[in-house]
Amino acid sequence: MSSWKPAIGRLLSSLETRLVGALALIVVATVLLQVVTQREAFGLRHEGEALVHASAIAENADQFAEAVGKLRMATNRGLVASDDTADELTDAAIAIGDRLGKLRNSGMALYDLPEASDPFADLDKHIAAILEIQSRHNAGQGLIDRIEARNNAMAGLAARIVERAHAEREAAQRRLVASIGRWQMLVLGTGLVTILIVSLVLFDILRNILPAVRRMHGSLQRLANGDLDIEIGSFRLKELKDLSGPLETFRRNAKAVKNLAFSDPATGLPNRRAFQEDVTWLFSAAPDRRFACMLIDIDRFKHINDDYGHAAGDDLVRLIGARLKANLGDGSIVARVGGDEFAVCIEMAEGESATVLASRLTDSVRTPFSLGEYSVAITASIGVAEVEASDEADIDEILRNADMALYASKKNGRNSATGFAPQMAEERAVDRALEKDLETAFERGELRMVYQPIHPVSDTVQEVEALVRWKHPDLGEVPPSTFIPAAERSGQMVRLGEWIIRRALADFARWPDMTMSINLSPLQLQHDGFSAFLLDACGRHGIAPQRLFLEVTESLSIERNTRALLTLNLLRNLGFRIALDDFGTGYSSLSMVKSFKFDRMKLDRSLVMDLGQDPASVAVLEAAVTMARHVGAEVVAEGISEAHLIDATKGAGCTHLQGYFYSQPIEADEVPHYFAVEPDMRSEVA
């Protein structure tokens, strides 16, 4: 017996087994009820037919006895009163014979004593004897006695036949009543068993299954609503028990994730969601006080990852967050809200300027950070939004305002802090419209190429730099300093770069004796297939790679940017000459010169513009030129806008000069004419 209990327990612990078993029992009980009902229905029909048959026999027996009685009455009346009863006797005899035949046909046994003669045999003779006595009026007593004896015999037999017929009818009726009672009891019993089974199933469903399902449903609903503090609990039903384990694991994991969801794993600082909730609470706790909300973005953080790796980038943001917190104090909220973006909220003292505070932060992050074997110097751009705390303050709107101020800081050259002003929303809208308009500028033919001459100091090579221009239908000439960043922001820089190369090479193919410089965006060097595209474009126009200088900006750090370094090496091996633009600014000049052998360095115009006004600027210029010449590179001084700059740059060792003093950028059709009269300009260079 004990071995069955665990098996039964396992069987009943399954919701599927219990439901299927309950339904099977209900089906079996229903089938049993149907079988019993059908069987008893057949029995009832048989007993009913038997009762009908017995009732018909009893009715015939009554009619038979009645006919015998009529015969006796007619006989007695004729014998006593000598009435004429011939017709009555004849009718009675016919009725007796008819009913007697029906009783015989029904199968009823008419006689109890086998030795007794049939009193109804030769009934016609018996009637004739009665009629004879009636006609003679003085018949002998013996004949009369015989007639009466036969009548009495017929009456006795008829009475016994009636008695038996009635007894058989009553017996059939009792059998029918008993069958009906038995059918009722069987149907009642089977029905009660079915009701009991259904009741037990309903009880099990209502008492055990539904509460467990409701409890599981409630747990699932609370989990779906984000309530992770519940406990799933245990269940006896196998299916729910199998589900409760994974759900409890999910709940614990989700709770752990939720805890992580409010903090940044790299820095341990709050994330954007936590920042918004903390600022909301802070504003509620300190109404009517003045706060500064800032968004801080690390300038060119992507280059940090490219130069030193993502692990170093994670270390850097951790150090930046710690430095910001140390500068702002414990009363501030500092959060990391993006890969290289931080959010700050701090209460402002009376008379304190939020913009001044933000400027101090930009100064603080300039101090180099130590990343093991590296020392990294960075700059940051900050957007500031001042706000008076209240319960109705919209944190999202405050962050949007700070983001627009941050956008203005980046647009104005980075490494600065800018306070939000209402007109920034309009300026941002204009910039976004500009990004959108740039998409159609290609098809509408609004872009064109112009070319600015570059003059060698000691040879006669003719060279131009290809520059793109955009004439907006509403805004007029849009400077490259505006639409090139717009192209980079909108993801159209690669398309624009390819358009520049195709257009410039199509013009350059008309000048077989010249050299051309083309500016490349850092995004182009990162794009798959750029080298093949450039080589194919040169092949289409029959241009040798040696005739092209490809200028890359110093903002592209290639020390650890494997793809950029491989692309530049490939282009150089194909015959293209590589120039470093804006040389002398930024943090990566030395590392780039060390990592790659450039054919040319283009000095940033800021190194040239102050010549003659600041003695230190000459020393800086000479140092930059000496460094470039030491590695075997040509040096181009751009920004030559006045005659006195020529001697200073030549004296420092520059090999090429470029600037408005010689020529502004000119249209392609003007290039041949310009160099036709170029000897006059060369006299200013030599």
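This is a short chat about side-chain contacts in a predicted model.

Trainee: What should I know before I start?

Mentor: The model is predicted, so local features need pLDDT of at least 70, side-chain atom pairs count only at pLDDT 80 or more, and totals for chains, interfaces and linings use all residues. Residues are numbered from 1 along each chain as its sequence is written, and side-chain values use heavy atoms, with hydrogens and water left out.

Trainee: How many salt bridges are there?

Mentor: The count comes to 27 salt bridges. A salt bridge here is a side-chain nitrogen of Lys or Arg within 4 Å of a carboxyl oxygen of Asp or Glu.

Trainee: Where do Lys70 and Glu66 sit, and how far apart are they in helix 2?

Mentor: They are four residues apart in helix 2 (residues 15-81), so about one helical turn separates them. Helices are DSSP runs of H or I with at least four residues, strands are E runs of at least two, and both are numbered from the N terminus.

Trainee: What does Arg289 pair with?

Mentor: Arg289 meets Glu347 in a salt bridge, 3.7 Å from N to O. Arg289 lies in the loop between helix 7 (272-285) and strand 1 (290-298), and Glu347 is in strand 3 (residues 341-347), so the pair ties together parts that are 58 residues apart in sequence. Arg289 is partly exposed at 44%, and Glu347 is partly exposed at 36%.

Trainee: And which residue does Arg448 bridge to?

Mentor: Glu667, with the closest N and O atoms 3.1 Å apart. This pair links distant parts of the chain: Arg448 is in strand 8 (residues 447-456) and Glu667 in strand 17 (residues 666-667), 219 residues apart.

Trainee: Which residues are linked in a network of salt bridges?

Mentor: Glu465, Glu551, Lys602, Arg605 and Glu638.

Trainee: Switching to rings. How many aromatic pairs?

Mentor: Six. Take Phe596 and Phe598: their ring centres are 5.0 Å apart and their planes are at 65°, so the pair is edge-to-face. Rings of Phe, Tyr and Trp (its six-membered ring) pair if their centres lie within 6.5 Å; planes under 30 degrees apart are stacked, over 60 edge-to-face, and the rest tilted.

Trainee: Are those two buried or exposed?

Mentor: Buried: Phe596 has a relative accessible area of 4%, and Phe598 has 2%. Tyr674 and Phe675 also form an edge-to-face pair, with centres 5.2 Å apart and planes at 90°. Tyr674 and Phe675 are buried.

Trainee: Where does the charged end of Arg323 sit?

Mentor: Over the ring of Phe369, 3.6 Å from its centre. Arg600 has its charged end over the ring of Phe549, 3.7 Å from the centre. The rule is NZ of Lys or CZ of Arg within 6 Å of the ring centre and within 35 degrees of the ring normal.

Trainee: Last one. What does Ser332 touch?

Mentor: Lys325, Cys345 and Ile346, not counting residues up to four places away in sequence. Contact means heavy atoms within 4.5 Å. Ser332 is in the loop between helix 9 (310-328) and strand 2 (333-336), and Ser332 is buried at 4%.

Definitions and conventions
Buried < 20%, exposed > 50% of the residue type's maximum accessible area, 1.4 Å probe, protein only.
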